[in-house]
Amino acid sequence: MIYSFAPMEGVTSYIYRRIHARMFPGADVYYAPFIAPDGNGNYKISSFRDTLPENNPGLTLVPQLLCSSAAPFISVAKEFQALGYEEINLNVGCPSGTVVSKHKGSGMLRDLAALDGVLADIFSSCPIRVSVKTRMGFADTSEFPAIAEIYRKYPISRLIVHSRDRAGMYKSRPDMDGFVSELRSFPFPVEYNGDIFSPAAAQTVLARCPEVSGIMIGRGAVANPALFRMLRSGKALEREELQIFHDALLEEFLASGLSPVHAVARLKELWFYMQHVFPGESKAVKAVFKSKTLPDYRSAVAFLFSSCAFDGNSFFSV
């Protein structure tokens, strides 16, 4: 069973991944937040820095590309091959409106003939393994059998299925029935993704579909960074280690050159999820989000850790 940490833009950067892997081992694979090359294969230098092997020591990292055509995908794949990577991931799942409007991410599911053509071109020329992260449909998960028929045509190294359609964003109920109905038809490893917020949720998936080769977790693992450890029968999250984790992130963000304002903003992204391990402490959590300066932020967080109720078995819920 492979446990993968999903890519979350603006959250799971190389600094986050590096500290998380050191303090909370348990994830087998980390996927980098997507890189979106233009038609010529050019992309932001920050994306390149995020995936440099020297910034991800000891990690099994898979870069992810957001492309609607094969040429830029293959161009960037060759760059990653030169860096030593053996696999790259195609994002066919992002539901963001700005992404979909460019026919990328889950927008590719609106035109299955075009998706088929892109995959044909990618697999005819890509020099390294290609995995795919997908949703089960654009407007409805009932589209999944037709989508699955296309995927089965290609030597995908691993198919990661977010068990929602694009219309459901992150709020609709995952379609486990639709996922299970196609699972055995795939000739390659398939990984499940969608609302795994606790060990119990993972066990439910494994009981329903023991054929899955892995489980990918995003929001649940950010909310409770010990979740992968707990999936492997390890101990629950402890207050002290979460504080050490938080403080290490803050110091590394500042050392990397982020301004105090931007470092605090980055951490507030995490607190949207991590606040759930402080149940019933909405007033103290609100003070963290309302802080404007680094000293104010440090003070609010110190109070949260020192004086508020904590539950290491509390998990994110939508």
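Which residues' side chains meet in a salt bridge at 2.6 Å, N to O? They are those of Glu211 and Arg184. The points below take up this pair and other features of the structure.

1. Basis of the note. This is a predicted model, in which local features need pLDDT of at least 70 and side-chain atom pairs count only at pLDDT 80 or more, whereas totals for chains, interfaces and linings use all residues. Residues are numbered from 1 along each chain as its sequence is written, and side-chain values use heavy atoms, with hydrogens and water left out.

2. The pair Glu211 and Arg184. A salt bridge is a side-chain nitrogen of Lys or Arg within 4 Å of a carboxyl oxygen of Asp or Glu. The side chains of Glu211 and Arg184 meet this rule at 2.6 Å, N to O. The pair links distant parts of the chain, 27 residues apart: Glu211 is in the loop between α8 (199–208) and β9 (214–217), and Arg184 is in the loop between α7 (176–183) and β8 (190–193). Helices (H or I, at least four residues) and strands (E, at least two) are DSSP runs, numbered from the N terminus. Glu211 is partly exposed, with a relative accessible area of 37%, while Arg184 is exposed at 70%. For these words the cut-offs are under 20% relative accessible area for buried, over 50% for exposed, and in between for partly exposed (1.4 Å probe, protein chains only).

3. Salt bridges in the whole structure. Side chains of opposite charge can pair when their charged atoms come close. The search of the whole structure finds 15 salt bridges. One of them joins the side chains of Asp116 and Lys153 at 2.7 Å, N to O. Asp116 lies in helix α5 (residues 112–125) and Lys153 in the loop between α6 (144–151) and β7 (159–165), so this pair ties together parts that are 37 residues apart in sequence. Asp116 is buried, with a relative accessible area of 17%.

4. Glu241 forms a salt bridge with Arg229, and the closest N and O atoms are 2.7 Å apart. The two residues are 12 residues apart, with Glu241 in helix α11 (residues 239–255) and Arg229 in helix α10 (residues 227–231). Glu241 counts as buried at 10% relative accessibility, and Arg229 counts as buried at 14%.

5. Ser4 and its surroundings. Ser4 lies in strand β1 (residues 2–5) and is buried, with a relative accessible area of 0%. Its side chain is joined to that of Glu191 by a polar contact of 2.6 Å. A polar contact is a pair of N or O atoms within 3.5 Å; within protein, one must be able to donate a hydrogen and the other to accept it, and residues adjacent in sequence count only if both atoms are side-chain atoms. Leaving aside residues up to four places away in sequence, Ser4 touches (heavy atoms within 4.5 Å) several residues, among them Val29, Tyr31, Ile215 and Phe228.

6. Strand β5. Six of the six residues of strand β5 (residues 87–92) are buried, so β5 is largely enclosed by the rest of the structure. In a regular strand the side chains alternate between the two faces of the sheet. Here Glu87, Asn89 and Asn91 point one way, and Ile88, Leu90 and Val92 point the other way.

7. Neighbours of β5. Two strands pair if DSSP finds at least two bridges between them. Strand β4 (residues 64–65) runs parallel to β5 and is joined to β5 by two bridges, with Leu65 opposite Leu90. The chain passes from β4 through helix α3 (residues 70–82) to β5 in a right-handed β-α-β crossover, meaning that, with the strands pointing away from the viewer, the path from the first strand over the helix to the second runs clockwise. Strand β6 (residues 129–137) also pairs with β5 in the parallel sense, over six bridges, and Ile88 stands opposite Val130.

8. Aromatic pairs. The structure holds 18 aromatic pairs. Rings of Phe, Tyr and Trp (its six-membered ring) pair if their centres lie within 6.5 Å; planes under 30 degrees apart count as stacked, over 60 as edge-to-face and the rest as tilted. Phe24 and Phe245 form an edge-to-face pair, at 5.3 Å centre to centre and 85° between the planes.
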